[in-house]
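Please look over the protein shown here.

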Amino acid sequence: MNMKTRLRRLRSSEAIRALVRETSVSVDDFVYPIFVTHGEGVKNAIPSMPGIFQYSVDTLGEELERVCKAGVRAVLLFGIPEKKDEIGSEAWSETGAVQNAIRVIKRDFPEIIVIADVCLCEYTSHGHCGVISGGKILNDATLPLLCKMSVSLAKAGADIIAPSDMMDFRIGKIREALDENGFSDVSIMAYSAKFASAYYSPFRDAAGSAPSFGDRKTYQMDIANGKEALREIRTDIEEGADFVMVKPALSYLDIVKAASEEFDVPIVTYNVSGEYAMVKAAASAGFIDEKRIVLENLVAMKRAGAKIIITYHALEAAKWLSE
């Protein structure tokens, strides 16, 4: 042991700790998810996600004012349709909830980056992310519908399209569809390594997207597979993804780390609804210090290699970071 090396010297004061700190979290790292729906005067609380609501377009401005005040630059939109059908046709409607919201944001809050989720699960009567036949989710039959949805969202003004369905080949097909329709400047943020996780339950309450039968394990990733996650990411990059995502965050930081070391594209991680809900529940019971826990979790995501963090804590974390 080298008795001259005292690592505690670098921890002796807050000023010194800040001077040598290896990882930092900034409000610029955050994307804030928002749920939008039809109607007027709607602000529906989501019981399993305290502080998160469904908004109609006329009440959305209140939340966007908070986003701007916090300094958060980007939002991720999810839609709750008026009606559902077997193929999720409202997903590409010009008057869909998300399409309407995008136009309002671009008119009233042009400085906000709009990321639009692309998936059929919120819009289908069966709650699965694709076309079904005989109880199976059909990959290739789903791709044209995802392309229609992507083009519709780009026409409404989305800056970034974020396919979360986990169908094979969808990134390449969506890239072709966007380019063919004059949207070559619209980016794709691929949910590349999206695992079949138990952490999504509160989101499914918020978006009304729980499957009516079976599960999503035939298209979302097996939670045990790390090397396969890197294959998924590599494939999406080859097909044209501009950003790649690992979802969820906390249980998959090893995948974030491996992806950040192997690929030279921005790595996104999604601090999902279940992770948010657990922190909120423990904090409300007085078991944890919410501020310290949230900031520690966010630092862990950045330390693992995430460039961008999608998190329901974004507005609170932005406030805490400015204190």
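The report below moves from the whole chain to single residues.

## Overall build

This is a predicted model. The protein holds eleven helices and twelve strands. Its radius of gyration is 20 Å, close to the 20 Å that the globule rule gives for 323 residues, so the protein is as compact as a globular protein of that length.

Along the principal axes, the C-alpha atoms fill a box of roughly 70 × 45 × 40 Å. Of the 323 residues, 53% are buried.

Start with the arginines. Arg-6, Arg-8, Arg-9 and Arg-11 gather on the surface and form a patch of positive charge. One of them, Arg-6, sits in the segment before helix 1, which spans 14-20. Arg-6 has a relative accessible area of 56%. The cut-off for exposed is over 50%, so Arg-6 counts as exposed.

Leu-19 belongs to helix 1. With a relative accessible area of 72%, Leu-19 is exposed.

## A buried glycine

Gly-127 lies in the loop between strand 5 (113-118) and strand 6 (131-133). Is this glycine buried or exposed? Gly-127 has a relative accessible area of 3%. Buried means under 20%, so Gly-127 is buried.

Gly-127 can also be placed relative to Arg-216. The two are 89 residues apart along the chain. Their C-alpha atoms are separated by 9.9 Å.

## Backbone points to check

Most residues other than glycine have a negative phi, and most peptide bonds are trans.

Met-166 is in the loop between strand 8 (160-163) and helix 5 (170-180). Phe-169 lies in the loop between strand 8 and helix 5 as well. Met-166 is not a glycine, yet its phi is positive, about 70°. Phe-169 also has a positive phi, near 75°, and is a residue other than glycine. Met-166 counts as buried, at 4% relative accessibility.

Which residues does the cis bond join? It links Lys-247 and Pro-248, with omega about -5°. Pro-248 is in the loop between strand 10 (243-247) and helix 8 (253-262).

How values were computed: Residues are numbered from 1 along each chain as its sequence is written. This is a predicted model: local features need pLDDT of at least 70, side-chain atom pairs count only at pLDDT 80 or more; totals for chains, interfaces and linings use all residues. Side-chain values use heavy atoms; hydrogens and water are left out. Patches are made of residues with over 30% relative accessible area and no salt bridge: like charges are joined within 9 Å, nonpolar side chains (Val, Leu, Ile, Met, Phe, Trp, Tyr) within 5 Å. Accessible areas come from the Shrake-Rupley method with a 1.4 Å probe; for residues, only the protein chains shown count as cover. A salt bridge is a side-chain nitrogen of Lys or Arg within 4 Å of a carboxyl oxygen of Asp or Glu. Lys and Arg count as positive and Asp and Glu as negative; His and the chain ends are not counted. The place of a charge is taken as NZ of Lys, CZ of Arg, CG of Asp or CD of Glu. Helices (H or I, at least four residues) and strands (E, at least two) are DSSP runs, numbered from the N terminus. Buried means under 20% relative accessible area, exposed over 50%, partly exposed in between (1.4 Å probe, protein chains only). The radius of gyration is taken over C-alpha atoms; the globule rule is 2.2 Å times the number of residues to the power 0.38.
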